[in-house]
Amino acid sequence: MEQNPPTEMESTVLENNQKLCYLENGLAWPLRRQLVTVESDSWSGKLQIPTKWDFVLVCDDHKLFSEKDNKKRKFLEELHKKGFITKMIKDKKLFYGVYAPNGIFRKYQWLLKDPDNESDSLCSQQQEEEQCVPATMRLRIVSFILQNTRIPTKEKLHDLIKQKVFETAFPLHERENLGRFLKQHWARWRDIFYRQPIEEIRKYFGEKVALYFAWLGWYTWLLFPAALSGIVLVLYGAVNYNSCSVSKDICAANTTIMCPLCDQKCPFWELSDTCMYSKITRLLDNEMTVLFAIFMAVWATVFLELWKRRRADVVSGWKLYWWDEEEEELAMEIISNEDHPPRQYQHSYFRSTVVLVLALLMICVLIGIAHALVVYRVIVTVIFTKSKSQFFEERANTMAVLTGAILHYMTILIMSKVNKHVALFLCDLEKPRTLSDRENNFTVKYFTFQFFTHFSSLIYVAFFLGRINGRPGNYVRVSGRWRLEECHPSGCLIDLCIQLAVIMTLKQTLNNFVEYIIPWVNYKCKQMPINPKSNGRVHMEESAQDPCKEEWLWNYQLCEVNIFSLFDEFMEMMIQYSFTTIFVAAFPLAPLLAFINNLIEIRLDAIKMVRLQRRMVPGKAKDIGIWLQVLEGIGILAVIGNGLVIAITSDFIPMQVYKYTYSPCLKENHTDMDCLTGYINQSLSVFNVLDFENPEEMVEFKDSKGKEITHCRYRDYRNSDDYSYTVQFWHIFAARLAFLILFEHVALCIKFIAAWYVPDVPRSVQNRHLREKHKRLTEKLRLMDDSTDV
């Protein structure tokens, strides 16, 4: 006799007598459509209900026999065919606990015998399950099988989530381990200076997360000498704050009339107005800047080489030194579906060409956004210069740079999301063979887009601002109307410094604030009961009946994580590392800001992972992957970038050319004279005000004292008659080029020598592996029969 399907809120799928059945209140439902009635007493001695569950699937209570309900049932049936056990709990949502059979993990251990630890690679039948199969291994394998299980319509779990068949899927936290984490000086603000328990992180979150925190801790620790050297540079500039002859000349130049900064009724101004800015510039741009830039280039190399040694030591202790990611992924594919053929290596020149063209188009868009920021600063400079407020009028250039930096930060926030979607789209076009290939391809594309998003505007400020704008009487104009902006009167370096300081400060402070506050608020909101009085009693009664419900609901209320959670943390650090190294000559305090930020970042990430977020799927890794190549690329860019900053942006080269070629020290034998005396006057060209393009639009040719102005000065090396470049300009140009070549060759040579001098793998680690190999081979030899011929 047929019976209606059971409607009780809890069901369990168990394996018994080679048949998988739904068990609901004494009714056993085979996976096929036949219904069989079984007495509940007959099952009491055979059921082995798991006490811990690996994953939880969450979905809405779909209408019975609807399309979504049918797809959900088919997916669960596919899991049952693979031997999985599921349990359903009904609340506002339907929760399906998933438990994997031990046979899956025995297959995994058999296929991937660890040559570093071969004797312990297989579990004996007497061993406890938890000791035999680490939780990180269980969750990693179960996640892979869940994500690659197909229903008859060839749809996988991520397709079903997109179609709202399932809402989410996540592994469960282990609360007993969370308390141990909190006690071991990791996920608490008060323990910000304590050492991280990397081994415990690995056992709970997996090797990928542990390597991220090991790398972040190592990077933060080595930022301290870099931050200290930046402070020394600024202090050196502060000591000579009032004694610099260049600043003295600028502060005393109250009779030097400078040409207007714009054409629309902008006034003439005195060079002495920039006295304070010139002194601030000398804090950053002095004789120590070159040494500091070389030091940072060497620091970047030493940091990477020491990290390679640290990684080799850590991974060796984890028995992962010879682990192969491709082999593991292939083994899990076989375990998930033995009939699934391996994906072959392939390459399509057509797809590669399309991806390359689209990537270049995206880069052009990002550069175009940087050009839009340039236009913004040009227009805003005019607006501020014509302002009725004296404060804005006098600081028009600075305000334009400052507001431009804020707008640049806003474009970074918007384009970061766009860049991620574009990079994913390009990865889909490439059709990578494995998950690791997909991650590597996505990383390269996304970082490239992010690099241009963050640094296109900075590259313009550093190397083009004030150099392509023309001269008075013949300015380069935007749309034939607004002329391009000039460097700050005290030098181009201060503009770059302001940009870097604003973007780096905003990015670190606001990102950390949002990164912590949003998950915290979401978690607190989800914990607030709708009816506090009645909710507590009902919750206690239900928890007493089934402790799984409380555990699953608590995990569900935590903030969701995805495949990009750890990726985004790495990307944030890569961008920070770029700020810290590439233009550090213009902003020596960047390592200090990064050091302070990272002390907070480590605990912030720890608190998020332990208290506010669902558990990440543990990932296995023996290094930080493609990020190491990204760091090496940034190190090379740092040498080139800092060399260009000193050679082009800084006034270091023009000062040295003047000092050793044109200074009064060469003409007169005055040992007590500062050889840079007169440099400012020599670096300013003279312009006849009658040669302006539209002199009728200019303000009165009178200074603040009412005297008639016939000539004004501007930053350049041109003759006063025909405005052609002077010989000194070409001397400086040749010196800049020579310095750039010399600096980059010296810095790169030092980098390569440091990389050669410091071995990637410590000799102790190599000797340890040598001893283990010798011991293993010796033991195998002893096990051979004495009568066997060798």
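These legends describe close-up views of cysteines in a predicted model. Local features need pLDDT of at least 70, side-chain atom pairs count only at pLDDT 80 or more, and totals for chains, interfaces and linings use all residues. Residues are numbered from 1 along each chain as its sequence is written, and side-chain values use heavy atoms, with hydrogens and water left out.

**View 1. A disulfide joins C251 to C275.** A disulfide here is a pair of cysteine sulfur atoms within 2.5 Å; by this rule there are three. The S to S distance for C251 and C275 is 1.8 Å. The link is right-handed, with 80 degrees about the S-S bond. C251 lies in helix α9 (residues 245-251) and C275 in helix α10 (residues 275-284), so the pair ties together parts 24 residues apart in sequence. Helices are DSSP runs of H or I, at least four residues; strands are runs of E, at least two; both are numbered from the N terminus. C251 is partly exposed at 26% relative accessibility; C275 is buried at 19%. Buried means under 20% relative accessible area, exposed over 50%, partly exposed in between (1.4 Å probe, protein chains only).

**View 2. C259 and C712 form a disulfide.** Their sulfur atoms are 1.9 Å apart. C259 lies in the loop between β9 (257-258) and β10 (269-270), and C712 in strand β16 (residues 711-715), so the pair ties together parts 453 residues apart in sequence. C259 is buried at 4% relative accessibility, and C712 is buried at 0%.

**View 3. C665 and C675 form a disulfide.** The link is left-handed, with -110 degrees about the S-S bond.

**View 4. C525 is in no disulfide.** The nearest cysteine sulfur, that of C559, is 9.8 Å away. C525 is partly exposed at 48% relative accessible area.
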